[in-house]
Amino acid sequence: MMDLKNKRVLVVGLGKSGLSAAMFLRGLGARVTVSDTRSAVALAQEIPALLEAGIMVESGGHGLLTFRRQDLIVVSPGVPMDTPEVKQVVAFGLTVIGELELASRYLQGQVVAITGSNGKTTTTTLVGKILSDAGLPTQVGGNIGLPVIDLVAKSTPETVNVLEVSSFQLETIEEFHPRIAVILNITPDHLDRHGSFEKYVAAKERIFERQGAGDALVLNGDDRVTQMCAARAKSEVFWFSGTKAVRRGAFVRDGVIVWVEKEGGTTEPVMPVSEVHLKGAHNIENVLAAVCVARLAKVSAESIRASVASFRAVEHRLEMVRKLNGVEFYNDSKATNVDATMKAVASFSKGIHLILGGKDKDSDYGLMAELLKERVKAVYTIGSAAEKVEHQLHGVVKMVAAGTLEIAVAEAAKAAVAGDVVLLSPACSSFDQFENYEHRGRVFRQLVNELI
């Protein structure tokens, strides 16, 4: 723990985690300032509570002097480390950490940290459910919605803190040390932020950099990039695979999910795959990862089976919205990269009307060409990435330039026939037309439910 009483601390970025961090730091007696590029008008809801708590607010941009006058700087996940002011104070030797790192220094109990390009939220939610159902004192937070700093007050030495962590959060850690770390997969994402795939991979790998011999690292045995992480790990490595047996970890054998704790050990049946009520092969991988975590936490196979069997799709992740005139509508708004969309499309055999587009993340949509040709009847493009999507997929599949989600839903519903699927799985972030992917998903649900 750090003694921050009367220390000058700057919180950069006033998203959920920034606001929580500022209030937490003020509670520790720090002299807190917050800085955000948004205007005072845009921050009208947040500013009164901050001022009332005795926190100074700088809006409409970052002042270099504000940054240089601090003892500690806490950056929110949405703030890149190459922001000019942040780069300068790092060069001056000031300590810059993220909200995850700050919280981890005060959080009591064990930490299970889960990252990956796709599947983080489903796996984190499922692990939280399994551990909680088994009677373990469990908290779930992080990139999943509840800032880690908000878990500190209720944590005890017995608590298991299950955290979804993103590459943005992992960029700014120093001492963050999960007892169990999970990397579900690593495929190109956020290249607009990280600059290259190599830098993105390096950020993901930071999840296990503080782990030692007594810790566990769970890796995807079917993911080439993730497999390479094992060579750099000092912790015990466990694997999961949907396609082959692993030396230690969880895999599928003859339609049954099994667990083996050590090389050459007894293979323990956990549950039939048929009892998993989540669509798509990628979700079997998520369940396998969750089984690894649960068995490492000493939860019985019987308890795991009951929890998984009663688990349903997380909101905005291949979420069935409605069946109308024989057409099924699915909300997969959380698919913010190409790999996630490919996994969603692969979950259906054919007859897909796919809504693609949003804010581009320097993605290559051409990677989807073969799969789309096989299974998709038409693509409906929306948002600022529409032109790039249309260019990279030209001639592959029928393209409809919808522009907005409202028009895309209407056009897809009109074209679809019984047995078809209308799928929102955009392969892009949402920030060009929506507040976030949840907002986009809610609008899609509303539009679908209003169809006659």
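## Sheet, cores and cysteines in a predicted model

Strand E17 (residues 352-357) and strand E20 (residues 421-424) run parallel and are joined by four bridges. One of the residues involved is Ile352, whose bridge partner in E20 is Val421. The model is a predicted one.

E17 and E20 belong to an open sheet of six strands with mixed pairing, in the order E15-E16-E20-E17-E18-E19. Strand E15 (319-324) and strand E19 (398-403) are at the edges; each has a single partner strand, so one side of each has no neighbour in the sheet. From one strand to the next, the twist averages 20 degrees.

Two helices contact this sheet. Helix H13 (residues 338-345) packs on it, touching E17, strand E18 (376-382) and E20. The direction of H13 makes about 170 degrees with that of E17. Helix H16 (residues 405-415) lies across strand E16 (327-331), E17, E18, E19 and E20. H16 runs at about 160 degrees to E18.

Next come the nonpolar cores. The largest nonpolar core has 52 residues, and the members that touch the most others are Leu25, Leu102 and Phe176. Helix H1 (residues 16-27) gives the most to this core, with four residues. Which residues does Leu25 touch, not counting those up to four places away in sequence? They are Leu4, Val9, Val11, Ala30, Val32, Val74 and Leu102.

How many disulfides does the structure hold? The number is zero. A disulfide is a covalent bond between the sulfur atoms of two cysteines. Cys229 is in no disulfide, and the cysteine sulfur nearest to it, that of Cys292, is 15 Å away. Cys292 is likewise in no disulfide, with the sulfur of Cys229 as its nearest cysteine sulfur.

The cut-off for buried is under 20% relative accessible area.

Methods: Residues are numbered from 1 along each chain as its sequence is written. This is a predicted model: local features need pLDDT of at least 70, side-chain atom pairs count only at pLDDT 80 or more; totals for chains, interfaces and linings use all residues. Side-chain values use heavy atoms; hydrogens and water are left out. Two strands pair if DSSP finds at least two bridges between them. Axes are lines fitted to C-alpha atoms, for helices over the stretch in contact, and angles run from 0 to 180 degrees between N-to-C directions. Contact means heavy atoms within 4.5 Å. A nonpolar core is a set of buried Ala, Val, Leu, Ile, Met, Phe, Trp, Tyr and Cys residues joined through side-chain atoms within 4.5 Å. Buried means under 20% relative accessible area, exposed over 50%, partly exposed in between (1.4 Å probe, protein chains only). A disulfide is a pair of cysteine sulfur atoms within 2.5 Å.
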